[in-house]
Amino acid sequence: MNPGTPTSPTAPADPEAAEASDAEKTVTKKAPAEGASYDMDKTEAEALTAAEAEDEAEDDDLDLDGLDDDSGKEPSGLGAAAAAVVAAGLGVVALTGSWTGKVAAERETLIGQIKTSGGGTAAQQISEIYGDAWHSTALVNGLFALLALLVGVFALVRPAFGAPSTHPQPGWVRAVATAGIALGVLGLLISVGMYFDLIMPLPTATGAAG
């Protein structure tokens, strides 16, 4: 053989064996790919589950926050406003008189007439028929004045108690409550003076005879 002559190339392997080898390589490549895809699907599923759990926890927190907000609402101030108006009304009643005071006075007058129907001195008749009725009216008016005073004070100090409010009490509420307190104090002073005969004493028998 001539040394310069190139040797013949190696004969190709069996075609079926080559195809089998290629198939094995393909299967080997697919197997890791399928495993990686399964791991990715599993990871995504776990991530979705965790996200859903977080969403549910956030919804629960929002619901709890909403309940807290409802329970911690600021007071509307309606009670203080109503109390201020009631105080002013009671103060007016204390100064002008009421149906209750009129009934009490008429009752004392009737009792005095019954007591003195069998006879009595002029001073006794004045005290039983006129004086007791006068004192009953002053007592009832004084009770209305005291109620006006207490309700007016409550209307003014109500914002200091309970849940704090960012909005100040309306000016008209304070004004009406203050008016109720003033009327209550005035009515209380007049009632005390009338009850103890300090402002206008009862007529005496000597004056009645003259």
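Mentor: Accessible areas come from the Shrake-Rupley method with a 1.4 Å probe. In this predicted model, the accessible surface of the chain is about 14,800 Å², and carbon and sulfur atoms contribute 65% of that surface.

Trainee: Which secondary structure elements does the chain contain?

Mentor: The chain has six helices and zero strands. Among contacts with a separation of 6 or more, 84% join residues 24 or more positions apart.

Trainee: How is the packing of two helices described?

Mentor: The description uses the angle between the two axes and the distance between them. Take helix H4 (residues 122–157) and helix H5 (residues 171–195): their axes lie 7 Å apart at an angle of about 155°. Angles over 145 degrees count as roughly antiparallel, so H4 is roughly antiparallel to H5. Their crossing is left-handed, and the contact comprises 16 nonpolar, nine polar and one charged residue.

Trainee: At what angle do helix H3 and H4 pack?

Mentor: Helix H3 (residues 99–116) packs on H4 at about 160°, with the axes 8 Å apart. That angle makes H3 roughly antiparallel to H4. The crossing of H3 and H4 is right-handed.

Trainee: Which residues in H3 and H4 meet?

Mentor: Those in H3 include Ala104, Ala105 and Glu108, while those in H4 include Ile129, Asp132 and Ala133. The residues of this contact divide into five nonpolar, ten polar and four charged.

Conventions: Residues numbered from 1 in each chain as written. Predicted model: local features only at pLDDT ≥ 70, side-chain atom pairs only at ≥ 80, totals over all residues. Heavy atoms only, no water. Helix = DSSP H or I, 4+ residues; strand = E, 2+ residues; numbered from the N terminus. Contact = heavy atoms within 4.5 Å. Axes fitted to C-alpha atoms, helices over the stretch in contact; angles between N-to-C directions. Parallel < 35°, antiparallel > 145°, perpendicular 65-115°, else oblique. Left-handed = near helix turned anticlockwise from the far one by under 90°. Nonpolar A, V, L, I, M, F, W, Y, C, P; charged D, E, K, R; others polar.
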